[in-house]
Amino acid sequence: MTVPPTPGPPDTPTELPELDIDLETPTPSASGAPKRSLRANTLIVMAGTLGSRLSGIFRQMILNTFFGNTLLDALFVAVRVPNLMRELLAEGALVNSFIPVYKTLDDRGRKELASAFSGILIAVNLLLMALGILGAPYLIDLLIAENSNVDRGLAVYMAQLVMPFLMLISLSSVAMGLLNADEHFKESSFAPVAFNVASIVVLLLMPKNATWLGFGWLLGGVAQLVVQLPALMRFGLLPTPSLEGHPALKRVLKQMAPFTLTAGARQFLNFYVQGWLSNAKFFASGTTAGYANAEALFNTVNGLFIVSPVLALFPRFSEYAAQKNWAEFRALTVQALRSSTFLAAPMSALLVALAPYAVSVLSASPEFDPARFHAGTEILRGWALALVPWAFVTLLLRTFYARERTREAVTVSAVGFVLEVVLYRLLVPRVGLLGFGVSTMISGLLMTAALALMYRRALGFPGREIVTHLVKVVPLALVAGLVAWLISRLPFLPAPGYIVPGVIGLALAGIAGLGVYFVGAVAMRMPEVAGVMRRLGR
């Protein structure tokens with residue numbers, strides 16, 4: 001099933017026109033009520049993401065401090081089961097399929113579509129929850145290696161325990177999608193904080209066993225949903241689930257079908273990775289938990305500086321596409337790529353240089369697990385190399401979804417994920433855990449090239465301006481990373497391993513590296529510096 005092609009703009013220019021988008025002035029909504037400015041939306045999402053990631057890091061610290069490798073490895077394998085279906089259904093459908101269609105409808109059509117979509121999503125979730133609980137033993141067998149360093153029985157029990165999380169996160173994603181579509185970002189952006197806070201309370205107060213570890217995950221899902229309900233009611237967006245159809249639902253499902261294939265390819269990649277991590281022939285017990293630690297840190301940086309701005313901009317991209325306002329659509333693309341890579345480049349270099357110190361902040365005790373620490377450090381260092389390429393991929397994919405050009409985007413994504421699996425097979429046995437990140441970087445570079453080429457054919461991609469920008473920020477980021485690495489090697493700095501030396505190393509070396517980067521950016525008169533200063537001023 002494919003998406004009908006969306007007509008492109010007539011007489012598309014090959015050069016990007018000079019266009020200054022006012023990110024400060026609110027634009028009117030379809031009803032005439034003013035929206036927040038793009039910069040205000042971005043700041044709200046970034047603040048919510050920051051709160052979510054910091055509370056998530058604290059949650060991860062508690063897990064590392066109070067739980068051993070056996071429980072943690074089993075937990076992180078178990079939650080992959082509902083997360084597999086979560087991405088196939090909830091988040092992918094709403095962010096990339098639901099919003100562009102929803103934005104083209106009037107108020108009545110939006111309410112009817114929301115009711116129909118939420119009703120179908122609940123029905124499908126109930127079916128998948130039942131199948132997931134019954135089929136947990138088989139799914140766990142697919143996830144872990146035959147010669148596994150993960151306790152299979154414990155992973156099966158915890159997978160069955162956390163399966164209701166699928167329904168909770170799906171309903172939460174419906175709430176998020178409805179609020180984000182109307183550019184009400186505050187409640188949806190801070191909802192993940194509620195998940196982490198509820199989980200932390202359970203982890204601290206309840207017995208430290210597998211059952212309460214799973215219940216902590218479920219109660220976090222309840223909290224994430226409940227905190228969004230008042231906003232849905234206040235803005236008149238709370239849907240009444242219905243199994244009645246809606247004409248626009250077919251468009252959503254057409255968009256969702258190819259995206260589901262892409263998400264399926266990504267989950268196949270996750271299954272493959274988990275098989276490697278759990279293989280006792282290559283890696284020790286604790287590697288899966290180390291992977292989760294690296295993931296938490298990487299998602300903090302990626303979410304704050306890349307994903308949150310893209311989420312804030314996506315409804316505006318969809319609006320420009322619905323209006324066929326391609327000049328502003330292209331100009332917004334340039335502005336978003338420049339600002340995201342301006343921040344992603346130094347973060348990438350600093351994470352490579354200071355990965356041991358970053359991983360150290362996730363352990364409150366000097367008695368840290370060496371295997372878990374080593375795995376987290378190597379995986380984080382490799383992923384850091386992929387930060388800039390995936391900034392491009394994350395944004396460019398959304399420009400295709402906003403134009404309902406799903407087929408092109410998912411084709412590139414699916415091929416990219418298959419390529420990543422091939423690269424894992426080639427590199428991980430040779431370079432170890434670092435091979436995961438190197439593979440992701442190579443795949444991201446090739447996906448960026450393909451997406452940019454297709455964007456250029458449709459709208460005219462400003463390659464020269466972007467390359468000129470990268471020629472400045474990438475070398476400058478490398479210098480910043482080198483400075484941070486040299487400082488981290490000074491003899492008076494404590495060795496990394498737990499939170500105290502981690503904070504000291506990140507504070508001294510990280511701030512020095514960032515200082516060098518921003519001084520260089522000011523000397524080059526890069527306009528993004530002013531944007532960063534305005535954000536800090538707020």
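## Aromatic pairs

The structure holds 17 aromatic pairs, a pair being two rings of Phe, Tyr or Trp (its six-membered ring) with centres within 6.5 Å, stacked if the planes are under 30 degrees apart, edge-to-face if over 60 and tilted otherwise. This is a predicted model, in which local features need pLDDT of at least 70 and side-chain atom pairs count only at pLDDT 80 or more, while totals for chains, interfaces and linings use all residues. Residues are numbered from 1 along each chain as its sequence is written, and side-chain values use heavy atoms, with hydrogens and water left out.

The ring centres of Tyr291 and Phe436 are 6.5 Å apart and the planes stand at 80°, so this pair is edge-to-face. It joins distant parts of the chain, with Tyr291 in helix 12 and Phe436 in helix 17 (residues 434-458), 145 residues apart; helices are DSSP runs of H or I with at least four residues, numbered from the N terminus. Both Tyr291 and Phe436 are buried, that is, under 20% relative accessible area with a 1.4 Å probe and protein chains only. One aromatic cluster comprises Tyr291, Phe298, Trp383, Tyr424 and Phe436.

Phe317 and Phe329 form another edge-to-face pair, at 5.0 Å centre to centre and 65° between the planes. Here Phe317 belongs to helix 12 and Phe329 to helix 13, twelve residues apart. Phe317 and Phe329 are both buried.

## Charges over rings

Lys208 lies over the face of Phe66, 5.5 Å from the ring centre; the criterion is NZ of Lys or CZ of Arg within 6 Å of the ring centre and within 35 degrees of the ring normal. Arg403 is placed likewise over Phe400, at 4.7 Å from the ring centre.

## Nonpolar cores

The largest nonpolar core has 108 residues, and Phe98, Phe329, Leu380 and Phe436 have the most contacts inside it. Such a core is a set of buried Ala, Val, Leu, Ile, Met, Phe, Trp, Tyr and Cys residues joined through side-chain atoms within 4.5 Å. Helix 13 gives the largest share of this core, 20 residues. A second, separate core of 42 residues includes Met85, Ala136, Leu154 and Leu213.

## Cavities

There are five cavities of 30 Å³ or more; on a 1 Å grid over the protein atoms alone, a cavity is a set of points where a 1.4 Å probe fits but cannot get out, and lining residues have an atom within 4 Å of a point. Points are joined across faces, edges and corners, and the volume is the space filled by probe spheres set on them.

The second largest cavity has a volume of about 60 Å³. Ten residues line it, and Phe305, Pro309, Ala336, Ser339 and Ser340 are the closest to its centre. Helix 12 (287-323) and helix 13 (326-360) each supply at least two lining residues.

Key. 1 Å grid on protein atoms, 1.4 Å probe; cavity = no way out; pocket = protein on both sides within 12 Å on 5 of 7 lines; lining within 4 Å. Buried < 20%, exposed > 50% of the residue type's maximum accessible area, 1.4 Å probe, protein only.
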